[in-house]
Amino acid sequence: MKIHHPPPLAILAELTHRCPLRCGYCSNPLELSRRSSEMDTQAWLGLLDEAAALGVLQVHFSGGEPAARPDLDIMVEHAEKVGLYSNLITSGVLLDRDRLESLAAKGLQHVQLSFQGAEPLIADHIGGYPGGHEKKLEIARWVGEIGLPLTVNAVMCRENLHQLDAMIELATSFGAQRLEVANVQYYGWGLLNRAALLPTREQLDKATATVEAARERLKGVLVIDYVVPDYYARRPKSCMGGWGQSFLNINPEGRVLPCHAAESIPGLEFERVGDRPLVDIWRDGPAFTKFRGTGWMPEPCISCDRREVDWGGCRCQAMAVAGHADVADPACELSPDHDKMLAIAASEATGESEAYVYRRIGGPAQ
Amino acid sequence: MSEPVMIGETSVPAFPRGVRLKHDEVRTQWVILAPERMFVLDDIGLAIMQGVDGEATVSGIVDDLAEKFQAPREQILGDVIEMLQGFADKGVLAA
């Protein structure tokens with residue numbers, strides 16, 4: 001019997017891994033795709049057709065830096081044509097005003113622009129790209145002038161968390177509608193750099209208070225989403241709204257993934273766009289069925305009343321911290337590996353490790 | 001910095017750029033699509049949001065609904081303002 005599974009709501013299209021910024025917190029894999037192995041324009045357009053037919057409602061053009069692909073404009077235009085709501089998740093630094101206007105004219109609905117700090121010194125140190133912060137200020141202004149909705153993605157870590165108030169100020173000064181206070185999530189390069197990135201609990205508590213006060217103060221003006229680092233959580237996040245529940249990710253080479261970090265789990269088999277119809281890959285592709293639903297769950301998840309709320313948390317984090325993908329996310333205080341997570345936070349957040357291993361194609365520099 | 005939107009009877013609600021009402025054909029439901037978010041509408045929500053066209057006042061939308069559903073205007077007014085204010089607070093409705 002074939003069980004009908006609801007179609008995905010959103011798709012993350014990682015058009016490329018190339019990016020001028022070199023942020024050590026990047027959640028892309030250590031082994032980054034090269035330009036020569038990227039999926040071509042026609043295959044991406046076909047993928048958008050398939051996604052729309054399957055029931056996807058939103059596409060997030062991401063990367064790497066999606067604007068590194070000259071055909072981004074063609075893809076935005078096609079997304080609009082097939083009825084997909086298009087978001088651009090960008091570092092901004094490759095954009096100029098003409099390109100933004102062209103994207104808006106072709107149907108782009110929303111820009112999410114990342115910031116690495118409230119001023120150039122720290123921001124450009126984290127981004128590993130001199131002049132990046134100033135460029136982003138310009139981009140934010142243009143997005144506003146063109147009239148596109150803007151989300152500021154404030155990426156927070158130990159080095160910049162004390163600038164949170166100023167970053168909220170920055171977002172309101174742009175007229176942004178949304179601010180994502182995104183504490184770094186520890187995947188890919190971020191995991192590699194965890195000891196240099198992880199904030200102290202004291203820093204985090206202060207940030208939480210700052211966010212709560214700002215939400216009150218800016219009600220109806222700025223919506224603030226707040227992502228807490230899992231290392232200080234008591235219950236895990238509902239990662240991707242559940243594995244294979246509502247979301248899929250296409251990596252630059254066209255591999256269809258349940259989440260952007262899924263390749264960090266050994267033994268999973270990923271299909272590529274074009275191998276089979278997307279509807280089939282989504283329905284019964286081995287990577288999607290592996291952790292979909294509750295059938296895979298061990299204790300304490302399987303008897304937990306939150307099993308269909310957080311879906312056992314994040315598989316990639318279970319892999320990274322507990323060494324197995326098929327156990328409860330160690331972020332959960334009910335997980336037998338939770339102490340391990342707390343111990344990592346206690347030892348790594350002390351601030352002894354400061355230097356980032358900057359992201360680069362070809363893997364970490366020796 | 002913009003000011004919070006306060007919805008009253010004389011407000012003229014509108015979908016700002018980047019927010020659209022869409023029929024989701026695969027799931028046979030209506031949704032509001034907004035930046036990286038979506039809201040599923042039930043029948044009542046749809047009836048209210050279909051009245052939002054950037055021209056009609058809240059009062060006008062309520063009059064239409066009262067006639068359509070043959071229901072007390074005061075009750076509808078409360079429901080409509082509550083729903084529209086909720087969307088305004090989420091940043092997906094202008095007025």
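Me: How many salt bridges are there between chain B and chain A?
Reply: The count between chain B and chain A is 3 salt bridges, where a salt bridge is a side-chain nitrogen of Lys or Arg within 4 Å of a carboxyl oxygen of Asp or Glu. This is a predicted model, in which local features need pLDDT of at least 70 and side-chain atom pairs count only at pLDDT 80 or more, while totals for chains, interfaces and linings use all residues. Residues are numbered from 1 along each chain as its sequence is written, chains are lettered from A and ligands numbered from 1 in the order in which they are written, and side-chain values use heavy atoms, with hydrogens and water left out.

Me: Which residue does Glu36(B) meet in a salt bridge?
Reply: The side chain of Glu36(B) meets that of Arg178(A), at 3.3 Å from N to O. Glu36(B) is partly exposed because its relative accessible area is 22%, whereas Arg178(A) is buried, with a relative accessible area of 4%; buried means under 20% relative accessible area, exposed over 50%, and partly exposed in between, using a 1.4 Å probe and protein chains only.

Me: And how many residue pairs are in polar contact between chain B and chain A?
Reply: There are 13 such residue pairs between chain B and chain A, both residues being at pLDDT 80 or more. A polar contact is a pair of N or O atoms within 3.5 Å; within protein, one must be able to donate a hydrogen and the other to accept it, and residues adjacent in sequence count only if both atoms are side-chain atoms.

Me: Which strands of chain B supply residues to the side that touches chain A?
Reply: Strand S1 (20–24), strand S2 (29–34) and strand S3 (37–41) of chain B each supply at least two residues of that side; helices (H or I, at least four residues) and strands (E, at least two) are DSSP runs, numbered from the N terminus. By class, the side of chain B that touches chain A has 9 nonpolar, 3 polar and 10 charged residues, with Ala, Val, Leu, Ile, Met, Phe, Trp, Tyr, Cys and Pro counted as nonpolar, Asp, Glu, Lys and Arg as charged, and the others, Gly among them, as polar.

Me: How many residues does the contact take from each chain?
Reply: The contact takes 31 residues from chain A and 22 residues from chain B, contact meaning heavy atoms within 4.5 Å. Together the two chains bury about 2,200 Å², 55% of it on carbon and sulfur atoms; buried area here is the accessible area (1.4 Å probe) that two parts lose on being put together, summed over both.

Me: Changing topic, which residues have the most contacts inside the largest nonpolar core?
Reply: They are Phe61(A), Leu150(A), Leu179(A) and Ile250(A), in a core of 89 residues. A nonpolar core is a set of buried Ala, Val, Leu, Ile, Met, Phe, Trp, Tyr and Cys residues joined through side-chain atoms within 4.5 Å. Apart from that core lies another, of 25 residues, among them Ile7(B), Phe39(B), Ala47(B) and Val62(B).

Me: What about helix H6 of chain A, which residues are buried there?
Reply: In helix H6 (residues 164–174) of chain A, the buried residues are Leu164(A), Met167(A), Ile168(A), Leu170(A), Ala171(A), Thr172(A) and Phe174(A). What covers them includes helix H5 (132–146) and helix H9 (201–217) of chain A, along with strands S4 (110–115), S5 (150–156) and S6 (178–183) of chain A. H6(A) is followed by Gly175(A), whose phi is positive, near 75 degrees.

Me: Where is Ser91(A) found, and is Ser91(A) buried or exposed?
Reply: Ser91(A) is found in the loop between strand S3 (85–90) and helix H3 (97–105) of chain A, and Ser91(A) counts as buried because its relative accessibility is 7%. Leaving aside neighbours within four places in sequence, Ser91(A) is in contact with Cys19(A), Leu21(A), Glu65(A), Leu113(A), Ser114(A) and Lys136(A).

Me: Back to salt bridges, how many are there over all chains?
Reply: The count comes to 26 salt bridges over all chains. One of the pairs is Glu333(A) with Arg234(A), whose closest N and O atoms are 3.2 Å apart. Glu333(A) lies in the loop between helix H12 (315–322) and helix H13 (338–348) of chain A and Arg234(A) in the loop between S7 and S8 of chain A, so the pair ties together parts that are 99 residues apart in sequence.
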